[in-house]
Amino acid sequence: MACLINYAVRDGLLRAEIRGKSTCQDAAWIARDIVKQTAEQAVRRVLIDVRRLAERLGTLGPLSMAMGDPGDVYGYRVAVVDVKEYDAYYARHEAAARDRGYALRCFTNSADARSWLLGAGG
């Protein structure tokens, strides 16, 4: 794996900043690791910043936790921060998230993502 995840917990949300390069296999591992971190930190609000992750276009589903066991992410609120050029790719992942019982939105900056997460209640 050629990527690094930096975690921080603040104000009841987990921030995961991902850098480097990823494959689909890496992305699935990253998503599982983020879910593990949320369990360990007892948080259900997650901000995932992928702006410094190269070659991610084919990995957005797993990275946004829109794949895998729905029970792992039920009730979560997930904000993905990415560059504007990839915004259109998130629509189907947002729908997949709804089907799995959690809310997913894509943002182009961390401040808006954080506001959405903190204003979301429980």
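A residue is called buried when its relative accessible area is under 20%, exposed when that area is over 50%, and partly exposed in between (1.4 Å probe, protein chains only). Helices (H or I, at least four residues) and strands (E, at least two) are DSSP runs, numbered from the N terminus.

The structure is a predicted model, in which local features need pLDDT of at least 70 and side-chain atom pairs count only at pLDDT 80 or more, whereas totals for chains, interfaces and linings use all residues. Residues are numbered from 1 along each chain as its sequence is written, and side-chain values use heavy atoms, with hydrogens and water left out.

**Helix H1**

In H1, the buried residues are Asp26, Ala27, Ile30, Ala31, Asp33, Ile34, Val35, Gln37 and Thr38. They pack against S1, S2, S3, H2 and helix H3 (70-73), where contact means heavy atoms within 4.5 Å. An α-helix has 3.6 residues a turn, so residues three or four places apart point the same way. The expected span of a helix is 1.5 Å times one less than its number of residues. For the 18 residues of H1 this gives 26 Å, which agrees with the 26 Å between its end C-alpha atoms. Just after H1, Ala42 has a positive phi of about 55°.

**Strand pairing**

Two strands pair if DSSP finds at least two bridges between them.

| Strand pair | Sense | Bridges |
|---|---|---|
| S2 and S3 | parallel | 7 bridges |
| S3 and S4 | parallel | 5 bridges |
| S4 and S5 | parallel | 5 bridges |

Individual residues show how these strands line up. Lys21 stands opposite Ala54 in S3. Towards S4, Val46 faces Val78, and Asp49 has Val81 as its bridge partner. Ala79 in turn stands opposite Arg105 in S5. From S4 the chain crosses through helix H4 (residues 91-99) to S5 in a right-handed β-α-β crossover. A crossover is right-handed if, with the strands pointing away from the viewer, the path from the first strand over the helix to the second runs clockwise. S2, H1 and S3 also make a right-handed β-α-β unit.

Strand S3 is mostly covered, with 7 of its 10 residues buried. S4 is mostly covered as well, 4 of its 5 residues being buried.

**Nonpolar cores**

A nonpolar core is a set of buried Ala, Val, Leu, Ile, Met, Phe, Trp, Tyr and Cys residues joined through side-chain atoms within 4.5 Å. The largest one has 27 residues, and those with the most contacts inside it are Ile18, Ile34, Val50, Met65, Tyr76, Val78 and Tyr102. At least two residues of this core come from each of S1 (2-10), S2 (13-21), H1 (24-41), S3 (45-54), H2 (60-63), S4 (77-81) and S5 (103-107). H1 supplies the largest share, 5 residues. Another core, of 8 residues, lies apart from it and includes Leu13, Val81, Trp116 and Leu117.

**A buried glutamate**

The side chain of Glu17 makes a polar contact of 3.1 Å with that of Arg19, and another of 3.2 Å with the side chain of Arg52. A polar contact is a pair of N or O atoms within 3.5 Å; within protein, one must be able to donate a hydrogen and the other to accept it, and residues adjacent in sequence count only if both atoms are side-chain atoms. Not counting residues up to four places away in sequence, Glu17 touches Leu4, Ile5, Asn6, Asp49 and Arg52.
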